[in-house]
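These notebook entries record what I looked up about charged side chains.

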Amino acid sequence: MLIKAYAAALQGVNATIITIEVNCSKGIKFFLVGLPDVSIKESHERIVSALEFNGIKFPRKQIVINMAPADIRKEGASYDLPLAMGILAGAEKIKPDKVGHYLMMGELSLDGILKSVKGVLPIALKAKEEGFKGIILPKCNAREAAVVEELEVYGADNIHEVIQFFNDEIQLERTVVDAKKDFYSSQAAIEWDFSEVKGQENVKRALEVACAGGHNLLFVGAPGAGKSMLAKRIPSILPPLTLSESLETTKIHSVAGKINHNGSLIAIRPFRSPHHTISSVAMVGGGSYPQPGEISLAHNGVLFLDEIAEFNKNVLEVLRQPLEDRKITISRAKFTVEYPAGFMLIASMNPCPCGHFNNPNKECVCHPQQVQKYLNRLSGPLLDRIDIQIEIVPVPFEAISDIRPAESSESIRQRVIRARKIQEKRFAGETGIYCNAQMHTRLLHKHAQPDKNGLLQLKNAMERLSLSARAYDRILRVARTIADLEGSEKIQSHHIGEAISYRNLDRENWAG
């Protein structure tokens, strides 16, 4: 008897339907074809054990299984459940009429317990798109799939429940989630707030400008000056995730297996802070079985590289293309996958090997050449993609001991949101442009031309401070954001002046 069951394979952050064709006939052999990997080939032993533990003998027939399309490589143990149901339906041990109406995924333990699987959200979206009546999953994955409306989602604890369901002996409980309600109620759960930060008003202003325009930012300062503390609070002043952004972000984390089983949609912008020993593959994604890297897990959020000068140079250089294109393409001999990588880069570093160059409280013991060599660990092309470079100094005692709360993240966020709305209106007709940081030369000429006094001030600053040529566009981008925060249609001289102050590392001989 020929039966078709359905599962799904992940390709990047999207799913492809896999048809599991099972033919049971006379004989005793077992064949599994269609480009399965080793873990799928081992599913035979898991299925036999799971069925016997639940009082069902594995069919004594010749079983031929084809996983189509055969040119797509199938990976992982999540095909155990649909393979088992296809075999049982082909051997007429369960009623076959409902099997083809549901997409199934789930790994089997030897006693038949269903274990969690990765990539449930994109699989559920594909099931709805292809018109399946519903999806059957391990119960721990059900809430994640239930985010998809108009799709029946059933969670099961073990294979015995699924068998009874197809035999009309029990009715599995449908998992229903009010995704929008959960999403909006979770957006207020922000752990860190700028009201707890004492002093550093100029740095907080730079962060406000960076978030308002989507600009990448680099902190340069002594140890203990508060670089990491400030960076952790950046998500609290970024605009809240929209539902579409949340869905896109959740898909990436679902594929990577990072979703909390008790949650549904990700409601707070991601904040990823990898250690400086990270490899290039872990940063951008890939591997034998490609997985999203840190830059994709930071999509629609923040990638924080603490002590960026300590990262391997190759790791830093691979960031250049995704910073520009907001995506990363991973190519292998037989396939290519693409992951989103639209993140805001926040980096921090010491100004010198000892960490105390320009520190008013401690004397630097480094030679000027050592300082310059340390700063040169960041290449020009990478610095070229960082709009704001701000020097940060330790907070004086008077500011630390002040018990009055500083301005809250919520009030800063409101100004950021207003500025972003101005940019949304400005770039409404542009494809792939959402904020000032993404403006190219044509848009700069159209939207970021200063007045006569501002242009003269920019010329004088570049000559007096020996600013590099690449700083020109960066200053105009940041000045446009500062003007948006002020609600000004035109860029004025004081906007240019503030933007110039955020280009510390571009100054000639800054390191002495």
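Predicted model: local features only at pLDDT ≥ 70, side-chain atom pairs only at ≥ 80, totals over all residues.

**Entry 1**

**Entry 2: Arg415 and its partners**

I next looked up the salt bridges, of which the structure holds 24. One of them pairs Glu208 with Arg415, and their closest N and O atoms are 2.8 Å apart. I noted that this pair links distant parts of the chain: Glu208 belongs to helix H8 (residues 201-213) and Arg415 to helix H18 (residues 409-426), 207 residues apart.

I compared the accessibility of the two partners. Glu208 has 5% relative accessibility and counts as buried, whereas Arg415, at 22%, counts as partly exposed.

Arg415 also meets Glu407 in a salt bridge, at 2.7 Å from N to O. Glu407 has 38% relative accessibility and therefore counts as partly exposed.

**Entry 3: A pair within helix H21**

Which residue forms a salt bridge with Arg480? I found Asp484 as the partner, with the closest N and O atoms 3.1 Å apart. Because Arg480 and Asp484 are 4 residues apart in helix H21 (residues 471-486), about one helical turn separates them. Arg480 is buried at 3% relative accessibility, and Asp484 is buried with a relative accessible area of 3%.

Lastly, I recorded a network in which salt bridges with shared partners join Arg205, Glu208, Glu407, Arg415 and Glu498.

Definitions and conventions
Residues numbered from 1 in each chain as written. Heavy atoms only, no water. Salt bridge = Lys/Arg side-chain N within 4 Å of Asp/Glu carboxyl O. Helix = DSSP H or I, 4+ residues; strand = E, 2+ residues; numbered from the N terminus. Buried < 20%, exposed > 50% of the residue type's maximum accessible area, 1.4 Å probe, protein only.
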